[in-house]
Amino acid sequence: MGTFRRLKQFYWPYKKYFVMSVVSLVFVTALTVIYPLILGFTVDELILGDRQHLLAVTVAFLVIVMLLKGLFQYLQQYLGELFGIHSVYEIRNELYRKLQVLPFRFYDNARTGDLMSRLAQDVEAFRFFLSMGAAQVLNFVLLTAFGFGVMLYLNVSLALITLAVMPFLAVVVYRFDKRVHPAFLEIRRSLARLTTKVQENVSGMNTVKALSKEDFEIDRFVGLNADYRDNHIKTADIWARFFPAMEFIGNVCVIVLLAYGGWLVVDGQMQPGELLAFFSLIWYIVMPLMHIGFVLNTYSQSKAAGERLLEIMDEPEDIRNIAEPIREVRLAGHVQFENVTHRYPGEDQNALQQVSFDAKPGSTIGIMGATGAGKTSITQLIARFYEPKQGRVLIDGKPVSDYDLKTLRSNIGFVLQEPFLFSASIKANISYGRPDATMEEIIDAAKRADAHEFIQELPDGYDTVLGERGGGLSGGQKQRVSIARALCVNPSILILDDATSAVDMETEVKIQAAMREVMEGRTTFIIAHRISSVKHADEIIVLDQGKVVERGTHEELVRMEHGAYRRIYDIQFQDHELVMQGKAV
Ligand SMILES: Nc1ncnc2c1ncn2[C@@H]1O[C@H](COP(=O)(O)OP(=O)(O)OP(=O)(O)O)[C@@H](O)[C@H]1O
């Protein structure tokens, strides 16, 4: 029950629905066991006892019982559903909240399909048990209790014989649960793998087609699908063995009753109608017992699902606010790194080694270096997406961890190499970081990002709704919208991470011209591979395998004959010359 106890905070507030549903269920069960008694009465009193004049009253009584049972069944079902629906509404909200606060570390290893499957299928499986399964367990308990009560009233020895069979049924049920629970957990896992595969495939369809990997992808899917199928078959096998075993034990019970009860009637110790009522009651107990397998199924499924939900809820939120963080300040943008060493969780190499620099407010810092040199890692630490292993990252003289995360990040504007735009209007995309921005401010940000002109030419202008991931815009246009989005929050620190590498030279020159103006008064970090992007920076930092190997202005670095920057400069300058001479391939 650990899983259910730990998720109690979500369903317990709605216990009133559960209690009312259970009370309705008590009435349903009580009214159900009246049927066999009426059957016995009809045989013994109306037919054998010659009291046919009571027939009309008996029928009327039965109709009332049926109507009442219908009413209570409705209440039981509806209130049970309300209990489940409201509870998982809370669970879903909590999961989504948790996903928003989980650190980047979590997303480095998380798979979208798996998370989707948890938020959709696992939450649903949990709801199903709360709505239906829990009531069925109680239904079983109540029917057994009521049924036995009536049985004991009819005939004590016969009732005790029925009771003797119960431990055998319980053993079968217990063994079944032990085997079926892990099998269901495995089904859930393989379904999540399958969903992940489909999701990745759809997202990466361009790459799949460009590399003609359709057959390879189909093969991988078939493999995962086979795994899912086999897990289902394994569970179906466990499942199929269970029913005959249960039915066999139930039938043994019936045979014993038939023999012993028949003898009691023949011997005159029992009325035939009573034996008939007994037989109906037996099935009221044996049938739900046999279906306890189904109930255990929903229980096992929901427990497995609950465990997967708890896995997300238990994820540590390791980057969180300190007790009294600095809130709601406009930062000046003085960024300092003091001997910062950083290593990503689970990695055995440092991404940054003893990195130090001092970026004065309003200055521009260029960061260069080969792929994997640690350029992006620097910006991740400024925004406190990760915590450094050693050293200090300071903004305006205080460690970044002293600031409220929202305050810190709302002072930083990011423009990434592959901008992510939401499937919403352009207006909503630009004002995403500041939803209260006025239309004038949105247009102003777009103008400064050199995006206003092309947005105006779109059929619905700023109200144009984009497709998924900004579909409908070219790479350069998406980039300009994302620059407008970064400017809209009026950040004091601007980070351009390879922001112009995906656009053509002409667009780059245009964006750079626009950027020069918007960089005024903001501390700007430009990560780039092209010298032209960082040339005007106040300081350029050159990284190699996480270490700062050179620093200085463009002029200073170019003067270093054998320096890394000079080498890049020579290559790019040579390229430029070749282009000018028309020799480039
Ligand atoms: N989330 C992560 N988890 C584990 N290792 C990472 C992660 N991000 C980066 N790394 C590793 O840290 C090192 C520095 O990566 P970083 O992204 O900072 O390099 P970069 O200079 O920005 O590279 P690029 O020019 O390719 O963007 C690399 O070795 C990389 O493999």
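Predicted model: local features only at pLDDT ≥ 70, side-chain atom pairs only at ≥ 80, totals over all residues.

Reply: Residues are numbered from 1 along each chain as its sequence is written.

Me: Why is α4 called roughly antiparallel to α5?

Reply: The axes of α4 (residues 34-48) and α5 (residues 55-101) come within 12 Å and cross at roughly 175°. Axes are lines fitted to C-alpha atoms, for helices over the stretch in contact, and angles run from 0 to 180 degrees between N-to-C directions. Angles over 145 degrees count as roughly antiparallel, and therefore α4 is roughly antiparallel to α5.

Me: Which residues make the contact of α4 and α5?

Reply: Ile34, Ile38, Thr42 and Leu46 of α4 meet Leu55, Thr58, Leu62 and Val65 of α5; contact requires C-beta atoms, placed from the backbone, within 7 Å. These residues comprise 6 nonpolar, 2 polar and no charged.

Me: What makes β6 and β10 edge strands?

Reply: The open sheet of 6 strands has the order β6-β7-β8-β3-β9-β10, with mixed pairing. Strands pair if DSSP finds at least two bridges between them, and β6 (412-415) and β10 (547-552) each pair on one side only.

Me: How do you know that β3 and β8 pair?

Reply: Strand β3 (residues 364-369) is joined to β8 (residues 523-527) by 4 bridges, and the two run parallel. The requirement is at least two bridges, so β3 and β8 pair. Threonine 364 stands opposite threonine 524 in β8.

How values were computed
Parallel < 35°, antiparallel > 145°, perpendicular 65-115°, else oblique. Contact = placed C-beta atoms within 7 Å. Nonpolar A, V, L, I, M, F, W, Y, C, P; charged D, E, K, R; others polar.
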